[in-house]
Amino acid sequence: MDTKIILLVEDNPDDEKLTLRALKKNNIQNEVAVARDGEEALDYLFGDTGAGGGKKRPLPVVVLLDIKLPKVDGLEILRRIRADSRTRLLPVVILTSSKEEQDLSKGYSLGANSYVRKPVDFTQFVEAVRQLGLYWLILNEPPPRSD
Amino acid sequence: MATPIEPPAGSLEEKLATLDNVQRATLNILEDFDSEKQRLEEVQRASLNILEDFDAEKTRLEGVQRAAINILEDFDEEKKMLQGVQRATLNILEDFNAEKTLLEDSQRALLNILEDIDVEKAKVGTVNQQLEVANKELEAFSYSVSHDLRAPLRSIDGFSLALLEDYGNKLDKEGRDYLERVRGATQHMAQLIDDMLNLSRVTRSEMRHETVDLSAMVREIAEGLRKTQPEQQVEFITAENVTATGDERLLRVVMQNLLGNAWKYTGKHAQARIEFGVKDEGGKPVFYIRDDGAGFNIAYADKLFGVFQRLHRRGEFPGTGVGLATVQRIIHRHGGRVWAEAEVEKGATFYFTLSS
C-alpha cells in the first residue's frame with residue numbers, strides 16, 4: 001500500500017510531457033500513470049491489468065484530470081468516478097486551461113476535490129505542480145481504500 | 001176655507017161678532033202671509049246666496065278654465081320644444097351615424113396596423129432568436145478559442161524554458177536572449193487572449209442593477225495589489241461609503257483595470273499615492289481614481305480608450321491596450337461617460353459617471 005500512484009488524464013502530449021517534467025523538477029518520484037483519453041482513464045480505473053486473472057490495478061492516490069478530452073468528456077469521467085463505489089472517494093484534481101465559470105461550478109457540483117487552472121507561464125505551472133504534489137501526496141490523507 | 005162671503009145675517013152684535021171673526025181671520029191670514037213672506041224672503045235670500053255661490057263658482061270655474069287654457073298653451077309650447085329636441089336628436093343620430101362610419105373606418109385601419117405590427121413583432125422575434133443563437137455560438141467560439149489557444153502557448157513557453165534549463169549552457173547569451181523573447185511573447189499573447197475574452201464578455205453579458213459599495217471594492221482590490229507586489233510603496237486614499245447602482249461584476253472589472261493601471265504606472269516611483277473619491281458635478285456624482293505616477297501626454301488622449309492602443313511602450317510598462325477599452329465599454333453600458341486628465345510624470349486622473 002506504499003505506492004502512491006498519480007493518474008494523469010491528459011490528451012495533449014505537450015501538456016503531458018510538461019506535467020511530467022514539472023513533477024520531476026519537484027522531485028516527485030511517484031509513479032505517474034498516463035491516460036490519454038477518457039476511455040483509457042476508465043479502463044485504468046475500472047478495467048483489469050490485462051496480465052490475466054482479472055487482477056485489478058491499485059487505485060491511484062490522486063487523479064489529475066483535464067476536462068477537454070476526446071471521446072469521453074473529462075466531466076463525464078468525473079461523474080463515473082463518483083458514481084462507482086470503488087472510486088467514489090478518490091481524490092480528483094481538475095487541471096485545466098479553462099477559465100469558464102460553468103466548468104468550475106460543474107466540476108465542483110460533480111464532486112471534484114480541487115480545481116486548478118493551468119497557467120501558460122511554465123514557471124508558474126511548475127510551482128502549481130509543486131504545490132499539488134506537496135499537498136496531495138504528502139500533506140493530504142488519502143481516503144481509506146476499499147480493497 | 002172656500003166659503004163665499006155673504007153679508008152676515010143676524011143682529012148687529014152677531015154681525016160685529018162675525019166681523020170680528022172675519023177680522024181675526026184676516027189678521028191670521030195676514031200673519032200667515034207675513035210669515036210666508038218672511039219665508040219667501042228667506043228663500044229669496046237663500047236663492048240669492050245660492051246665486052252668489054253660483055257666481056263665485058262660475059268665477060272659479062272661469063279661473064280654472066283660464067288656467068286650463070294656460071296649461072294647454074304651455075303644453076303646446078312644450079310640445080313645440082320637444083319637437084325641436086326630437087329634430088335635434090335626429091340630427092345628432094345622423095351625425096353619430098356618420099361618426100360611427102368614420103370610427104369603423106379608423107378601427108379597420110387600426111386593425112390593419114396591428115396586423116402589420118404583429119408581423120413586425122414576429123420578425124423581431126425571429127431576429128432576436130437569431131441574435132441569441134449567434135450570441136451562444138460566439139460564446140462557445142470564444143470559450144473554444146481561449147481554451148484551445150492557451151494550450152499551444154503553454155507548450156511554447158514550457159519547452160522554451162526546458163531548452164533554457166537543460167541546454168542553456170550550450171547557448172550563448174544571444175541564444176538565451178532569443179528564448180527569453182519567445183517566452184515573453186507567449187506570456188503577452190496569453191494576456192491578450194484573456195483581455196479580449198473579457199472584452200467580448202462584457203458586451204454580451206446581461207447587466208444586473210444592484211447597489212455596489214465602491215469604497216469596499218477599492219479597498220479589496222488595493223489589498224490584492226499590495227499582496228502581488230508588497231515591495232511597492234503606495235498610499236491608498238479611499239473615500240468612505242461611496243456607493244453606486246450598477247452591475248457589481250462589471251464595475252469590479254472597471255475598478256480592477258483603473259486601479260491596476262494606477263498601480264502599474266506608479267511602479268517606477270519610490271513612493272506613490274492613489275486616490276479614489278467622488279465629486280458632485282451639477283447634481284451628478286463623478287467618480288475618480290487619481291495617481292501621481294507616470295501620467296501620459298494629454299495630446300494623445302483620443303487614443304486612450306481604443307482597443308490595442310497604448311500610450312507607452314511595452315518596454316516601459318507592460319500591457320495589452322485592452323483594459324481601458326473594456327472600461328469604456330462597461331461604463332457606456334451603464335449609460336455613463338469616462339474621461340481622463342493627465343500630465344507626463346505628474347500622474348493621471350480617470351473620471352467616470354454612471355447613469356443615475
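These are my notebook entries on two protein chains and the contacts between them.

**Entry 1. Basis of the model**

I worked from a predicted model, in which local features need pLDDT of at least 70, side-chain atom pairs count only at pLDDT 80 or more, and totals for chains, interfaces and linings use all residues. Residues are numbered from 1 along each chain as its sequence is written, chains are lettered from A and ligands numbered from 1 in the order in which they are written, and side-chain values use heavy atoms, with hydrogens and water left out.

**Entry 2. Chain A**

I looked up the secondary structure of chain A and found 5 helices and 5 strands. Helices (H or I, at least four residues) and strands (E, at least two) are DSSP runs, numbered from the N terminus. Along the sequence, the pattern of chain A reads β-α-β-α-β-α-β-α-β-α.

I then noted that 51% of the 147 residues in chain A are buried. Buried means under 20% relative accessible area, exposed over 50%, and partly exposed in between (1.4 Å probe, protein chains only). Accessible areas come from the Shrake-Rupley method with a 1.4 Å probe; for residues, only the protein chains shown count as cover.

For contacts in chain A between residues at least 6 apart in sequence, I recorded that 63% join residues at least 24 apart. Contact means heavy atoms within 4.5 Å.

**Entry 3. Chain B**

I recorded 5 helices and 7 strands in chain B. From the N terminus on, these elements run α-α-β-α-β-β-α-β-β-α-β-β. Of the 356 residues in chain B, 29% are buried. Chain B exposes about 24,200 Å², and carbon and sulfur atoms account for 56% of that area. Among its contacts between residues at least 6 apart in sequence, 68% join residues at least 24 apart.

**Entry 4. Where the chains meet**

I looked up the interface and found 20 residues of chain A in contact with 24 residues of chain B. The two chains bury about 2,000 Å² between them, 51% of it on carbon and sulfur atoms. Buried area is the accessible area (1.4 Å probe) that two parts lose on being put together, summed over both.

Between chain A and chain B I counted 6 salt bridges. A salt bridge is a side-chain nitrogen of Lys or Arg within 4 Å of a carboxyl oxygen of Asp or Glu. I also noted 12 residue pairs in polar contact between chain A and chain B, both residues being at pLDDT 80 or more. A polar contact is a pair of N or O atoms within 3.5 Å; within protein, one must be able to donate a hydrogen and the other to accept it, and residues adjacent in sequence count only if both atoms are side-chain atoms.

On the side of chain A that touches chain B, the elements giving two or more residues are helix 1 and helix 5 (122-139) of chain A. Helix 1 of chain A gives the most, with 6 residues. I divided the residues of this side into 4 nonpolar, 5 polar and 11 charged. Ala, Val, Leu, Ile, Met, Phe, Trp, Tyr, Cys and Pro count as nonpolar, Asp, Glu, Lys and Arg as charged, and the others, Gly among them, as polar.

Side chains of opposite charge can pair when their charged atoms come close. I found that A:R21 and B:D166 meet through their side chains in a salt bridge at 2.7 Å, N to O. A:R21 lies in helix 1 (residues 13-25) of chain A and B:D166 in helix 1 (residues 12-167) of chain B, so this pair joins two chains. A:R21 is buried at 16% relative accessibility, whereas B:D166 is partly exposed at 42%.

I noted a salt bridge between B:R183 and A:D121 as well, with the closest N and O atoms 3.0 Å apart. A network of salt bridges links A:E10, A:D15, A:D66, A:K118 and B:R154.

**Entry 5. Pairs within one chain**

Over all chains, I recorded 30 salt bridges. In one of them, A:R86 pairs with A:D84, the closest N and O atoms being 2.9 Å apart. A:R86 is partly exposed at 39% relative accessibility, and A:D84 is buried at 19%.

In chain B, a salt bridge joins B:E57 to B:R60, with 3.1 Å between the closest N and O atoms. What separates B:E57 and B:R60 in helix 1 of chain B? They are 3 residues apart, and therefore about one helical turn lies between them. B:E57 is partly exposed at 37%, and B:R60 is partly exposed at 48%.

Lastly, I looked up B:S35, which lies in helix 1 of chain B. Its side chain reaches the backbone oxygen of B:D32 at 3.0 Å. B:S35 is partly exposed, at 38% relative accessibility.
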